[in-house]
Amino acid sequence: MGKTKPRSPFPFLVGFFLILIFLNFWVVRENTDILSYSDFLARVQQGEVKDVRISKETILGALKTPGPSGKKSFTTVRIEDPQLVPLLQKQQVTFTAEPEMPFWFKTMLWAIPIFLILRFWSVYFRRGLGEGRGGLLGLTRSKAKLYIEKDITTTFDDVAGVDEAKEELSEVVKFLENPEQFSRLGGRIPKGVLLVGPPGTGKTLMARAIAGEAKVPFLSINGSEFIEMFVGLGAARVRDLFQQARDLAPCILFIDEIDAVGKLRSGAIVTGGNEEKEQTLGQLLAEMDGFDSSRGVIILAATNRPEILDPALLRAGRFDRQVLIDNPDQRGRAQILKVHIKNIKLDPNVSLENVAGLTPGFSGADLANLVNEAALFATRRNGESVTESDFVQAIERIVAGLEKHSRIMHPDEKRRIAFHEMGHATASLILGPSEKVHKISIVPRGMGSLGYTIRRPTEDRYLLDEDQMIRKISVLLGGRAAEKLFLNSTSTGAADDLVKATDLARSMVTRFGMSEPIGLAALEDRELTFLSPEMVSRGRIPISEETSKNIDHEVKTILEKSFRLAVKELSANRAFIEKGAQKLMEQETLDEKDILELWEKYANKKVTSIAATAQSEKVTAYR
Ligand code: ADP
Ligand code: MG
Ligand code: ZN
């Protein structure tokens, strides 16, 4: 609250006034007795009253000596009493009549503090909501940082190198162009689409392009802007946001960086603002559920951290469609460069393919930056146009910056990674029960290379038997097996795979009772999140040292068995792996068609056939 603006003097003014009013009441009350009119008359008659001031409605007076309560002043309600004045005269009480306060004066006395209070609140809340103009009554309007754009000129042509994603999203465009017809013809109406991918790959750009293609209004808000300091306001903003979307339909409602609101609800750890986040997320889920998508509103969201999202967000009827926007491969990079060189004067001898070849690991945003930098180099040397050497210099500069973040792959690494990936892919083709290899990629630092698979809600998980578990572990170890078989060495690149494989093996032993010597006991650490939030610690079932040793031994046995299986299957398919790695080194990605082609030609058919995709998690790539 009030992150940037200087402190306003209003709180102090209001406080000051409140104290004054309070003091006034308090002083009067403490020192004044309230008498009934008859009591007052009696006292006058007994000569106890010294003086009185008569105003329109009350009589204020002072006693000669303090009354029984020890107070000298008193007040009473005035009654129209013609005998009062004669009585006062008789008792020789000094009396004055208070001139009546003008009406405006009395009004001001009350109006000023009230005005100040209202003013204070509206300023206070407005700050929380950005520029919300409604003041006190507009508290929940989320006009603040919600952007509504009506004529977006961005189109799919501006987003390059992500053809698959475009294809998937063109359905959304078709729907938005004509919602009624689309649903009449029985098209399945998408409700929420989540764009997933590393930073700078054009997720935000893509969302805008969809709106531009469909020529519909684009409402966008950043996830972090939902989080308000006052509990309940975030939820109110969500409600309002959806209302506005309904009013504008057909339109796109885009929540950028949704991970800020959609973080996995933490059961055990109490942090500030948690309640607010949960309320906001809860409201978002409720709005999505209650949303009739046939009315022509598509909810788009983007994240580069899908793994921290609350699975509830990905459930059916919410963001049940996920579109991967990964770092571009060589061809994609050339296409992206083509989009961005439109704004510069390019030397006709520049080969964008060459530039693309020199920039493995660059994201779309990096490439846009590269074009800029190259133009700057050209300007600095007063060149006529941007040449390839400008590009090379710019690449060197950017790479120097990027290398710190280890995003760039050394050429000699390429070979190792290619074999590693082919190892995973081959193991998956042979051993995966229902996994199909959709894409193999050695593009560095994509979602895939982080071992990313699009996560589905837990309910969708199918049951695995022991044999399938072993196969799954073998697929994870396939990368390492290939390195060992073909390069006769191992590298650190498989560390992540090993962690995952070990976890799986361990859970076979300690959770699923799949190991003879350990038996049926469930021995895993269970997070006791169902306990009260104060319970921050994790529950742990005590395990004896001997059992612990046995578990380790069993895990090792399972891993060795799986590794042997992977090695056996891979060595039966040497030709396929070698050809595949070759091709990978050339073009950085193999799509489904490439893989099938190679498989048809070189695979050892006796081993197996390609399994069809069933209800499996969508596996896009391995590392
Ligand atoms: P993200 O939202 O995924 O982090 P952005 O959409 O903000 O990425 O991309 C930043 C900028 O990088 C874009 O405005 C655009 O200039 C450039 N860019 C990124 N990806 C692409 C792409 N696939 N095609 C063309 N330009 C891209
Ligand atoms: Mg973005
Ligand atoms: Zn791997």
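**Ground rules.** I am reading a predicted model, in which local features need pLDDT of at least 70 and side-chain atom pairs count only at pLDDT 80 or more, while totals for chains, interfaces and linings use all residues. Residues are numbered from 1 along each chain as its sequence is written, chains are lettered from A and ligands numbered from 1 in the order in which they are written, and side-chain values use heavy atoms, with hydrogens and water left out.

**The sheet.** I looked up the strand order and found an open sheet of six strands, E6-E8-E9-E10-E7-E11, with mixed pairing. Two strands pair if DSSP finds at least two bridges between them, and the labels number DSSP runs from the N terminus (helices are H or I of at least four residues, strands are E of at least two). At the edges I noted strand E6 (147-149) and strand E11 (321-324), each of which pairs on one side only. From one strand to the next the twist averages 20 degrees, where axes are lines fitted to C-alpha atoms, for helices over the stretch in contact, and angles run from 0 to 180 degrees between N-to-C directions.

I then followed strand E9 (residues 251-256), which pairs with strand E10 (residues 297-303) in the parallel sense over five bridges; in E10, Leu300 is the bridge partner of Phe254. Helix H7 (residues 203-214) packs on the sheet and touches E6, E7, strand E8 (218-222), E9 and E10, with contact meaning heavy atoms within 4.5 Å. The direction of H7 makes about 170 degrees with that of E9.

**Helices H11 and H13.** I checked helix H11 (residues 330-340) against helix H13 (residues 364-380), and their axes come within 9 Å and cross at roughly 45 degrees. That makes H11 oblique to H13, since angles under 35 degrees count as roughly parallel, over 145 as roughly antiparallel, 65 to 115 as roughly perpendicular and the rest as oblique. In this contact, Arg333, Ile336, Leu337 and His340 of H11 meet Gly364, Leu367, Ala368, Leu370 and Val371 of H13.

**Helices H16 and H17.** Here I asked at what angle the axes of H16 and H17 cross. The axes of helix H16 (residues 466-487) and helix H17 (residues 495-510) cross at roughly 165 degrees and come within 9 Å, and H16 and H17 are therefore roughly antiparallel to each other. Among the residues making the contact I listed Met469, Ile473 and Leu476 of H16, and Leu498, Ala501 and Leu504 of H17.
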